[in-house]
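Please keep the sequence and the structure in view while reading.

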Amino acid sequence: MAISEDKLNAFMGEFVHDIGAVMHAATVVVGDQLGLYKALAKGPATVEELARRAEVDSRYLREWLCAQAASGYVGYDADSQQFSLSEEQSFALAEEGSPAFIPGAFQIAVDQFKTIPKMMQAMRTGLGLGWHEHDSALFHGTERFFRPGYAANLVSQWIPALEGMSERLTKGASVADVGCGHGSSTLLMAQAYPNSSFVGYDYHEPSIEQARARAAEAGVAQDRVRFEVASAQDFPGKDYDMVAFFDCLHDMGDPAGAARHVRSSLRPDGCWLLVEPFANDRLEDNLNPVGRVFFSASTFICTPASRAQKGAACLGAQAGEARTREVAMQGGFSHFRRATQTPFNLVYEARP
């Protein structure tokens, strides 16, 4: 077998990049959890200065800072021997509420590594792995990863892209947020539309408990926002003006059944807001950096979650518009369109 040295060297270059990223991921989680990025965001510092500021051991901190600098996550000035964060690095690593905040994504990666033994068994047997069977890092990381995108787009772009829905919510409407997790999307809508009422549903009881705590912290009135344990196929309530699914339809075992239940719960002039990961319809068009992220997550999280449920449809995180439209049509919706999009999400509007 003839080996091309140029092709081998190019592949090994990719390997060096990838193994560096894998090793670096754990250091990001440590830096985030210890508040090291936030401490460095206060201003340039030497190792010793930052160690005092962050109250950590200086020798360990030196190695951590060197790893961050080598990865391009912090800057280093050789003359002053100071490390620093640029405004852009600080925006992405130290500002929890920013639309570019990324540490939550690395928490998701932590769960994936912890899940390796379970996934080996699942892939051998074909059995599922439910969302509730994952490490808690996944629940917290998912909320922290998606919340910035929701904060940046949900109220300002996505809801206004739905025909007449922003105006209806402003006047006062009834909304169900299904698969709400820790409730970030629900609370964002509730704070933006004080005349409307919202209920968040999720089958994962610990997430609902967290959502209730978040609502109490936000000071949102309980008579206008509440969170309940329920699945997408049996959540209670009728005559909703809008039902929202954020990044969860593809995780469901019976997405068509969920669509039918949404259809039956809506007012005749109601709307199903459906947000899914960005994906093209053809596999070859998803073989790119964004697809790499979503296919990897889908292997360990989305597809096993669906396989663990009745129906086991296994849409996967890269289902695409055509398959999502088919699910909506199977659920009894007659109108379906792509309302808007971001580099990471497709936003659909479905109506009876």
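Helix α10 gives the most to the lining of the second largest pocket, with 4 residues. Helices here (H or I, at least four residues) and strands (E, at least two) are DSSP runs, numbered from the N terminus. The model is predicted, so local features need pLDDT of at least 70 and side-chain atom pairs count only at pLDDT 80 or more, while totals for chains, interfaces and linings use all residues. Residues are numbered from 1 along each chain as its sequence is written, and side-chain values use heavy atoms, with hydrogens and water left out.

The second largest pocket holds about 190 Å³ of space. A pocket is defined on a 1 Å grid over the protein atoms alone, as an open set of points with protein on both sides within 12 Å along at least five of seven lines; a cavity is a set of points where a 1.4 Å probe fits but cannot get out, and lining residues have an atom within 4 Å of a point. Grid points are joined across faces, edges and corners, and a volume is the space filled by probe spheres set on the points. Besides α10, both α8 and α11 supply at least two residues of this lining. Among the lining residues are Glu-143, Arg-147, His-182, Ser-184, Leu-187, Arg-214 and Glu-217. By class, the lining divides into 3 nonpolar, 4 polar and 4 charged residues. In this scheme Ala, Val, Leu, Ile, Met, Phe, Trp, Tyr, Cys and Pro count as nonpolar, Asp, Glu, Lys and Arg as charged, and the others, Gly among them, as polar.

A nonpolar core is a set of buried Ala, Val, Leu, Ile, Met, Phe, Trp, Tyr and Cys residues joined through side-chain atoms within 4.5 Å. Buried means under 20% relative accessible area, exposed over 50%, and partly exposed in between (1.4 Å probe, protein chains only). Of the 30 residues in this core, those that touch the most other members are Ile-159, Leu-169, Met-189, Phe-227, Met-242, Phe-246 and Leu-273. Met-189 is in contact (heavy atoms within 4.5 Å) with Leu-154, Ile-159, Val-175, Asp-177, Phe-198, Met-242 and Phe-246, leaving aside its neighbours within four places in sequence. A second, separate core has 29 residues, including Phe-245, Ala-258, Ala-328 and Phe-336.

An annotation can be set beside this picture. The unreviewed UniProt entry places the feature "domain: Methyltransferase" at residues 170-280. UniProt positions are given in the numbering used here, feature names are shortened, and annotations may be inferred rather than shown by experiment. The span 170-280 is 32% helix and 32% strand, and its end C-alpha atoms lie 33 Å apart.

Helix α12 (residues 255-265) is mostly covered, with 8 of its 11 residues buried. The buried residues include Pro-255, Ala-258, His-261 and Val-262. What covers the buried residues of α12 includes β6, β7 and α14.

Where does the largest share of the lining of the largest cavity come from? Helix α14 provides that share, 3 residues, and α14 (320-330), β7 and β9 (345-351) each supply at least two. Of the lining residues, 5 are nonpolar, 4 polar and 2 charged.

Arg-338 lies in strand β8 (residues 335-341). Not counting residues up to four places away in sequence, Arg-338 touches Glu-321, Leu-346, Val-347 and Tyr-348. Because its relative accessible area is 32%, Arg-338 counts as partly exposed.

Most residues other than glycine have a negative phi. Glu-55, although not a glycine, has a positive phi of about 60°; Glu-55 lies in the loop between α3 and α4 (58-71) and is exposed, with a relative accessible area of 72%. Gln-81 likewise has a positive phi of about 60° without being a glycine. Gln-81 lies in the loop between β1 (75-77) and β2 (82-84) and counts as exposed at 51% relative accessibility.
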